[in-house]
Protein chains: 2
Amino acid sequence: MGKILHYFGAGPAALPFEVKQRIQKDIIEYEDSKLSILELSHRSEYFSNILDRSKTLLRELYAIPDNYQILFMAGGATLQFDAVPLNFSGKAKYASYLDTGFWSRKAGKLAKKYLDVKFVAGLIDHANEICCLSSSEWQVDAQSAYLHVTPNETINGVEFVGVGNVEVPVVADLTSCMLMQNIDVSKFGVLYAATQKSLGIAGLSVVIIRNDLLGGASQITPDLLRYDLHVENNSIVNTIPVFACYVAMLMLLWVKEQGGISVMVEQAKLRSKLLYDAVDSNSKLINNICKKNRSTINVAFTSNDQGVVTGLLDTAEKEGLIGLQGHRRAGGVRASMYNGTSIDAAKKLARLIRLA
Amino acid sequence: MGKILHYFGAGPAALPFEVKQRIQKDIIEYEDSKLSILELSHRSEYFSNILDRSKTLLRELYAIPDNYQILFMAGGATLQFDAVPLNFSGKAKYASYLDTGFWSRKAGKLAKKYLDVKFVAGLIDHANEICCLSSSEWQVDAQSAYLHVTPNETINGVEFVGVGNVEVPVVADLTSCMLMQNIDVSKFGVLYAATQKSLGIAGLSVVIIRNDLLGGASQITPDLLRYDLHVENNSIVNTIPVFACYVAMLMLLWVKEQGGISVMVEQAKLRSKLLYDAVDSNSKLINNICKKNRSTINVAFTSNDQGVVTGLLDTAEKEGLIGLQGHRRAGGVRASMYNGTSIDAAKKLARLIRLA
């Protein structure tokens, strides 16, 4: 049974070893509950403490103001792609979606079932480089109930941080950059993230929503997608995914112990710089995202010579660096580096990139 | 760290000890993947094998005909309460819901957002006892796209097995009786179950659907609730809850190793008979469900003397029998005994019930 050296999968992502060890212990008995964490009731005091601690940690890590609610909801980001428009479409008719790549377009496409969706250009081709338009350049229709943004796009590896001042409430999909970007929550209306990247495992989402944006759900909204119902029931509308919530709490604790989000952000910059410097130094490799918008989390690159890509993937696998295949829609190489990825892993991969 | 003796929680439910041991091992490395089961990609061959094995096992255990699809979907039964009507309401206007208690009423109530719902009487008061009407007595409107039934109601502890010949497709919520009732799948149109009772942990549902019932989804159906989309994508519409699927596979394997569903059914009968005999022998305790419809899974009873209830709960807890509080809407005592509950646990509880 060989130990993995380093995992670069796009999600479900690598978990810190100490978190896995803690989970292993709790599979047999959680605290003094006499129960496995897998058996714990969603109505037990133990679980209520798990939810409370998670909320407190997240509120502290992101300095979330008091007028925002924190919700935990079953399902991933694709379910939120429907939940967001459903929770506005009881009152609103229009929404804008900033187009920065595959995931933002998918979110907008799903929202069309409920709202008139206007796509806003988010990328610009600038001297053979793809850049993000700055928020002052976004053409947002003022009639929109909200502007949806995807600050980190995992497939093309594009990232922008912060949104400046936008006229309408900003809804952000943080699935791939949760706890990995310094953001000012007060600039957003809704923030959501599926948990399988920096908050643990798949099957759960965290939603942060400003109080005044509650209450706009359309009557056709499934109960389990209603933000207001989750607020009323402290997220326990039905049997919530208990285990996924518990893993999210462990990840929040772990981030706090590491020093908080600014430390995570610095490490992401450090890891990704190692990789981009290596890519730029190798003339056989291509990354055409402009430097300020290169994702610090998902480093994607390719080559005109497919043999170079295959060779690199093979060598990497032999050295225990796995999960590096590009997204099936993009090809090439992609290194996804969430909070569970070490600097050492990035160093090893950077060496191979230089040699590719 | 005292070991629990016996857990009677309503779900998340007790898991067999050997299943927990297996999970504990796989938290560090799953098979030869070099990854934790928590890190496994939903697009990996390992996971594809997990889904395939789960489907094969379920198909075998319930002799599911070839013209039925097996789907795995994020979220629990409450999400299916919306998914079911949404997947019919593109073509249909009416649905019938058999009323046998809290959960069947809740399912019907949620469906009203999308369809004209007719409730069908499922219970009858018969000489101070509550009985289920037999299927030949159900007054089902022939215009209904389907009849929804809840064969086991966990709060009042009412159960019926099988549905006879109903004119319209029957949709059954098996959440609390999955793998615990002998049923003929060919009599049903759709069967669904959240997994936190007999199939592992919360956050996932299994859906079994007859081919000809696919394709009726309303245009307002969220992608993650569409049965047809799950068929097209082999259940991987987005990042499916990988870990919950894996635990479901372990539970299916475990049931097969125990001898299959008929063995599970016999054990449920044995466990519940021990408890009902004890309740009937104690004149201070009340269960007013007629014998043929007493749930073999959730044994609920109460007393006119609240002190008797409290006393029994206290004694039980001291002896390591926990999770016995009745549902918060019903009070009293409730012993939920899913497949992970031993005969020994039922014997110990039966003794205390006699002494209450």
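Predicted model: local features only at pLDDT ≥ 70, side-chain atom pairs only at ≥ 80, totals over all residues.
Two residues are in contact here if their C-beta atoms, placed from the backbone, lie within 7 Å.

Let's take chain A and its domains. The assignment gives domain 1, residues 24-258, and domain 2, residues 260-355. Their centres, taken over C-alpha atoms, are 26 Å apart. How many residues are in contact between the two domains of chain A? On the domain 1 side, 28. On the domain 2 side, 24.

Look at the domain 1 side of chain A, where domain 1 touches domain 2. Three elements each supply at least two residues: β6 (129-132), β9 (158-159) and α6 (242-258) of chain A. Which one gives the most? That is β6(A), with 4 residues. By class, this side of domain 1 of chain A has 13 nonpolar residues, 11 polar and 4 charged.

Now to the two chains together. The contact takes 55 residues from chain B and 55 from chain A. On the chain B side, the elements giving two or more residues are α1 (17-26), α3 (77-88) and α6 (242-258) of chain B. That side divides into 32 nonpolar, 15 polar and 8 charged residues.

How are the chains related? Turn chain B by 180 degrees, shift it by 0.0 Å along the axis, and it can be laid on chain A with an RMSD of 0.0 Å. That is the relation of a two-fold axis. Which residue of chain B comes closest to the rotation axis? B:Gln24, at 2.6 Å by its C-alpha. And the surfaces? Of the interface residues of chain B, 100% are also interface residues in chain A, so the copies meet through the same surface.

Last stop: a sheet in chain B. Seven strands form an open sheet, and the pairing is mixed. Follow the order across chain B: β2-β12-β11-β10-β7-β3-β4. Which strands sit at the edges? They are β2 (68-74) and β4 (116-121) of chain B, and each pairs on one side only. From one strand to the next, the twist averages 20 degrees.

Zoom in on one pair. In chain B, strand β10 (residues 170-173) and strand β11 (residues 190-194) pair in the parallel sense, over 3 bridges. Find B:Asp173 on your screen. Opposite B:Asp173 stands B:Tyr192, in β11(B).

Definitions and conventions: Residues numbered from 1 in each chain as written. Chains lettered and ligands numbered in written order. Nonpolar A, V, L, I, M, F, W, Y, C, P; charged D, E, K, R; others polar. Domains from an automatic or database assignment. Least-squares fit on C-alpha atoms with pLDDT ≥ 70 in both. Pairing = 2+ DSSP bridges. Axes fitted to C-alpha atoms, helices over the stretch in contact; angles between N-to-C directions.
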